[in-house]
Amino acid sequence: MPQVRIIAKNFMDMVASLPAMKLDRLYHNSFICEAILRSLPPLAKKYVLQMIYMEGPFPAKSLEEWVLADGFSKHKVAIDRLIQLRVFMETTERKKETSYRINPTFQSNLQKHLTSGGVLPREPMPSNITVRLPSLEELDAYALEQWECFLLQLINSSQAEKLTNFSSSMIRVFQRGLLSQRDNKDAPRLTESGFQFLLMDTNAQLWYIIREYISNSEERGVDPADLISFLLELSFHIMGEAYNMNTLNEIQRTAIKDLADLGLIKLQQGRKESWFIPTKLATNLSVSLTDSSTRKQGFVVVETNFRMYAYSTSKLHCEILRLFSRIEYQLPNLIVGAITKESLYTAFENGITAEQIIGFLQQNAHPRVAERIPSVPENVTDQIRLWESDLNRVEMTLAHLYDEFPSRDVFDAACDYAREWGGLLWEDSKKMRLVVKAEIHMQMREFLRGQKQ
């Protein structure tokens, strides 16, 4: 079987990276099988559905006969994905012919699910028990408010007490890559990754958090496979419906509270019962968190004179724009600023790149300018790149200077030695001076001592 390296760019990549034993355990849940089927490329879905009732291995050559010549690249992508997820199990016979067989656990449970359907471990609670459930519009507004609250607290992390609103597991996710703290006395500060994170698309940000949350689950004593299984199962719940908290085990209860911090879940308490309500973010988990179809409407207009107008009432938008621009004033529904050399230099020093700034402005362009090509004036994007290149004109290299050589022969021998080691940076033969990289300083010292002897 070819070893396929998996880079987790979306939720299903993380599922594919699980060990074979844990993947097979996931497939005992018929809803997980359906979630996997949903996520497959179109051609891979076709293969699975055509082979779902076949017993025994199916020759790879016969499968290739189903594909036209111009579709072979899509065929390869489909097969690779099926093998990564262990939906297809590859076997090689004595004649060295490759065959594929559907994972028996996946096959039997998907057959049952397709023919008789399935019942979730929990059903929505009756309306006579739950009262004052939010409408879908209110639920979307709640999810947006929670997410913006999280990002604002991340930006204002110097106010350490605000982070106590989040659970310890969520704080660990932040401190793992987005925040740094030199010692216990200093307040956490954003890292370079943290600044870059703020300019990402919302779905990409959410995927980053979910990925890190799953990755460090073992540190909390939680099996990643159990957490992934619950998150996939959660995507089959109905948005806006209430589900009883008593149907959850201890691990799931903890996860629900953490997801509520991010706006994936809304928690409510009744007189006797408590329940959770999935938002759109939770029900879209099994599709893809990097899907750009749910992208919010843009709000930024950039003019050729580097003036910037952001039509937004969000404090978060103002703080994000402040990362790379000079905010001049803010009205109830309008933020006015300018992109300046000084503001961009501050952004570059914090680890934000010119391409990330340009990408943010393009992704969030106001509908009035989004249809234009380009949506951000070319003179502005070119100047942003030029100002970034100004900082890269000089490359700093640690080095050591050698002078006062006892003779020309020793100087020439030292130059030859440094050149052989690839550490010679500069030489002045007239004044017998030499500059070498810091990496070979110790070797150079030993060499010169030997020359003196």
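Helices here are DSSP runs of H or I with at least four residues, strands are runs of E with at least two, and both are numbered from the N terminus. Leu 361, for instance, lies in helix H17 (residues 354-363).

Before going on, a word about the model. It is a predicted one, so local features need pLDDT of at least 70 and side-chain atom pairs count only at pLDDT 80 or more, while totals for chains, interfaces and linings use all residues. Residues are numbered from 1 along each chain as its sequence is written, and side-chain values use heavy atoms, with hydrogens and water left out.

**Inside the protein**

Back to Leu 361: is this residue buried or exposed? Leu 361 counts as buried because its relative accessibility is 1%. (Buried means under 20% relative accessible area, exposed means over 50%, and partly exposed is in between, using a 1.4 Å probe and protein chains only.) Leaving aside neighbours within four places in sequence, Leu 361 is in contact (heavy atoms within 4.5 Å) with Val 300, Val 302, Met 308, Phe 324, Ile 339 and Val 376.

Phe 324 turns up again in the largest nonpolar core, as one of the residues with the most contacts inside it, together with Phe 88 and Ile 209.

Leu 49 sits in helix H4 (residues 42-51) and is partly exposed, at 45% relative accessible area. Leu 49, Tyr 53 and Leu 114 make a nonpolar surface patch of about 310 Å². Patches are made of residues with over 30% relative accessible area and no salt bridge, where like charges are joined within 9 Å and nonpolar side chains (Val, Leu, Ile, Met, Phe, Trp, Tyr) within 5 Å. The areas come from the Shrake-Rupley method with a 1.4 Å probe, and for residues only the protein chains shown count as cover.

**Salt bridges**

A salt bridge is a side-chain nitrogen of Lys or Arg within 4 Å of a carboxyl oxygen of Asp or Glu. The whole structure has 18 of them, and here are some:

| Pair | N to O distance |
|---|---|
| Arg 25 and Asp 223 | 3.1 Å |
| Arg 25 and Asp 226 | 2.9 Å |
| Arg 385 and Asp 382 | 3.8 Å |

Arg 25 is in helix H2 and Asp 226 in helix H12, so their bridge ties together parts that are 201 residues apart in sequence. Arg 25, Asp 223 and Asp 226 also belong to a network of salt bridges with Lys 22 and Glu 218. Arg 385 and Asp 382 are another story: they are three residues apart in helix H19 (residues 378-391), so about one helical turn separates them.

**Toward the C-terminal domain**

UniProt, in an unreviewed entry, lists residues 382-449 as "domain: Transcription factor Tfb2 C-terminal". Its positions are given in the numbering used here, feature names are shortened, and annotations may be inferred rather than shown by experiment. This span is 47% helix and 21% strand, and its end C-alpha atoms lie 53 Å apart.

Conventions: A nonpolar core is a set of buried Ala, Val, Leu, Ile, Met, Phe, Trp, Tyr and Cys residues joined through side-chain atoms within 4.5 Å.
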